[in-house]
Amino acid sequence: MSKSVGKQASRAAVWVLMGLLILGLGGFGISNFGGSIDSIGEVGDEKIAVDSYARALRRELNAQQAETGRVVTFAEAEAGGLVEQVRARLIGDAALDDETRRIGISIGDERIAREILEVPAFQGTDGQFNRENYRFVLQQNGLTVAQFEEQIRKDTARSLLQAGVMAGLGGPDTYADTLYNFIAERRSASLIRLDAAALDAPLPDPTEAEIAAYYNANPAAYTAPRTRQISYAWLTPEMMLDRIEPDEALMRELYEDRIDELVQPERRLVERLVFPSEDEAAAAMVAIEAGETTFDAAVEARGLRLSDVDLGDVTQLGIGGAAGAAVFALDGPGVTGPHMSDLGPAIFRVNGILAARETSFEDAREGLVDEAIRDRAARMIGDLVSDYDDRLAAGATLEDLAAETEMELGRIDFTGEPADGIAAYESFRLAAADLAEGDFPELLELEDGGIFALRLDADLPPALRPLDEVRAEVAADWRAAETRARLGQQAAALAGRVAAGEAFDALGHPVETEAALSRGGLTPPALGDALFAMATPGDTRIVTAGEAAWLVRLDAILPPDPEDPAAGFLRDTIAAQAGQGMAQDLYGYFAQELVNAAGLSLDQSALNAVHAQFR
């Protein structure tokens, strides 16, 4: 059992290593830090290489950028604890490497070679290992062959040790079943809904005293957010559209720029299967034509997948030569060959034909007019930027710009939320949020090619709005709260009658029944929360929300539905997550104990040297 787990863990670790190297490190190019520093520290006799630390940091920063969609600075990563996490991970790996050496776990050259031969990035177009590809990929990632193979050796040995530590860890079945039964439990209920129409008497209008009391009791609801009073001058392409006539030359230019979209030759969906020799290709073609085999089977016989031979949609020129002519001579889907390709003799399969498409300038003209005018407007604005910048630098105010140029003056009470007009632009909102009193107006760009400059006139902190300003809003809120309170009292009276022995369906109100509800199956959410908080069938709860109240009775508590196709998946997912968490915790404790036993020393000067590369 442990051997099987170890094998799987080893293979997974190697693939993870390759994925991280090839996808995450391309172009970083760290090879050394001057030669005098080769490690950031050591655990026992195992050094933590400087380059390994640098690559791990870069990988983490790249992952954060991919997740957030923005560049994450080293300072942000350090403040967020990411740098420390990377260092802790490498220290744990070094502790395991030290332990594998101590107890004699090692991986032979034959195993290393087998792992390398199976990495797709090292394979050529024929699906076989290509030594030049191997060296090139490693070179692009700042690794020598010896360094990479040693890393695989360590990683595979480490995974065997990890698998051995965790092999006897049993599944947390009791925990998983308990959590699953709680999440997937179902309930049936009866409900009586009371709304304004059910009130015993019409709700009177609030008195001035009641309005004032409600206003004073709920100041947060009537407090205006921080408001920045901003003046701005702006100019957008939209503002200039009525001043511009369509430019025929520009539309011709746009047409040529989009010629690949508007004029497309015939394309075909093609797969190409390359053979070592023309004889083998011819034999395969004969077998396909005779019905003895299929193109898919021929691909599989070559040890390839269909994705390996897929060329996508290609033109005749893209295939080229006699092969291209033969492929495009087919009347429909089919196989042709063998033909000589740039990779050798091959047979081709056509899976579909995409007809040629040609849109003339005259046909495309109408659609290009608006684009041409907007493009011209954006260019005109770009030509004005230098002049406007000079005016601002010479002391012109926003009012001067609006009076003397095409820019328009505006004012806004900015709260940070998107709104119509200039506040709809993210670039404006970001600039407005960062604006400080006394900042000199500068010209900034809008997303559509427009420009703007802004000035902070006043920065008003959050403030309670006067009662006279929000009187109607307060009155409406009072009515809603009062309605809710009175309906809650009526629901409580109904609950008392149920407790006294009256039947639920004899209370004089329509009863709704819900059967086998899952969590989240009842709205509003407060209703579902109340239903699943009751412990015994027959229990009742009162729920108020909005301008309504409910009397809820729990009718039955049901186990998870065994016929639900998602039930097994949910149970397995809970168990897998719990097991993974236990395994990670166990590994963490084991690695930390190894660090404690072997001893850890870190070179702060080496750490500083690496960190300096990222600042």
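**Close-up views of a predicted model**

**View 1. A salt-bridge network joins four charged residues.** Glu-46, Asp-98, Arg-101 and Lys-154 are linked through salt bridges into a network. The model shown here, as in every view, is predicted. Across the structure, the salt-bridge count comes to 36.

**View 2. Arg-111 and Glu-115 pair within helix α5.** The closest N and O atoms of this salt bridge are 2.9 Å apart. Both residues belong to α5, which spans residues 109–117. Four residues separate Glu-115 from Arg-111, about one turn of the helix. Are the two partners buried or exposed? Glu-115 is buried, and Arg-111 is buried too.

View 3. Lys-47 pairs with Asp-38, and their closest N and O atoms lie 3.7 Å apart. In the second pair, Glu-502 meets Arg-497 with the closest N and O atoms 3.0 Å apart.

**View 4. Helix α2 buries residues against strands and helices.** Helix α2 covers residues 50–68, 19 residues in total. From first C-alpha to last it reaches 27 Å, close to the 27 Å expected at 1.5 Å a residue. Its buried residues include Val-50, Tyr-53, Leu-57 and Leu-61. What do the buried residues of α2 pack against? The partners are strands β1 (39–43) and β2 (46–49), plus helices α3 (74–79), α4 (82–103) and α24 (604–614). Gly-69 follows α2, and its phi is positive, near 80°.

**View 5. Helix α8 has a buried side and an exposed face.** This helix runs over residues 173–184. Its 12 residues reach 16 Å from first C-alpha to last, close to the 16 Å expected at 1.5 Å a residue. Ala-176, Tyr-180 and Ala-184 are the buried residues of α8. They lie on the same side of α8, because they cover an arc of only 40° around the axis. Strand β3 (186–194) and helix α23 (565–598) are among the elements that cover them. Which exposed residues sit on the face turned away from the buried side? Thr-174, Tyr-175 and Thr-178 do.

**View 6. Three nonpolar residues form a surface patch.** Leu-169, Met-582 and Leu-586 make up this patch, about 210 Å² in area. Leu-169 comes from the loop between α7 (145–166) and α8 (173–184). Its relative accessible area is 33%, so Leu-169 is partly exposed.

**View 7. Arg-411 is an exposed residue of strand β12.** The strand spans residues 408–414. Arg-411 has a relative accessible area of 56% and is therefore exposed. Which residues touch Arg-411, leaving aside neighbours within four places in sequence? The contacts are Ile-230, Ser-231, Tyr-232 and Glu-399. Leu-464 lies 53 residues from Arg-411 in sequence, and the two C-alpha atoms are 23 Å apart.

Note on methods:
Residues numbered from 1 in each chain as written. Predicted model: local features only at pLDDT ≥ 70, side-chain atom pairs only at ≥ 80, totals over all residues. Heavy atoms only, no water. Patch = residues over 30% accessible without salt bridge, like charges linked within 9 Å, V, L, I, M, F, W, Y side chains within 5 Å. Areas by Shrake-Rupley, 256 points an atom, 1.4 Å probe, with all protein chains shown as cover. Salt bridge = Lys/Arg side-chain N within 4 Å of Asp/Glu carboxyl O. Helix = DSSP H or I, 4+ residues; strand = E, 2+ residues; numbered from the N terminus. Buried < 20%, exposed > 50% of the residue type's maximum accessible area, 1.4 Å probe, protein only. Expected span 1.5 Å × (residues − 1). Arc of directions from axis to C-beta. Contact = heavy atoms within 4.5 Å.
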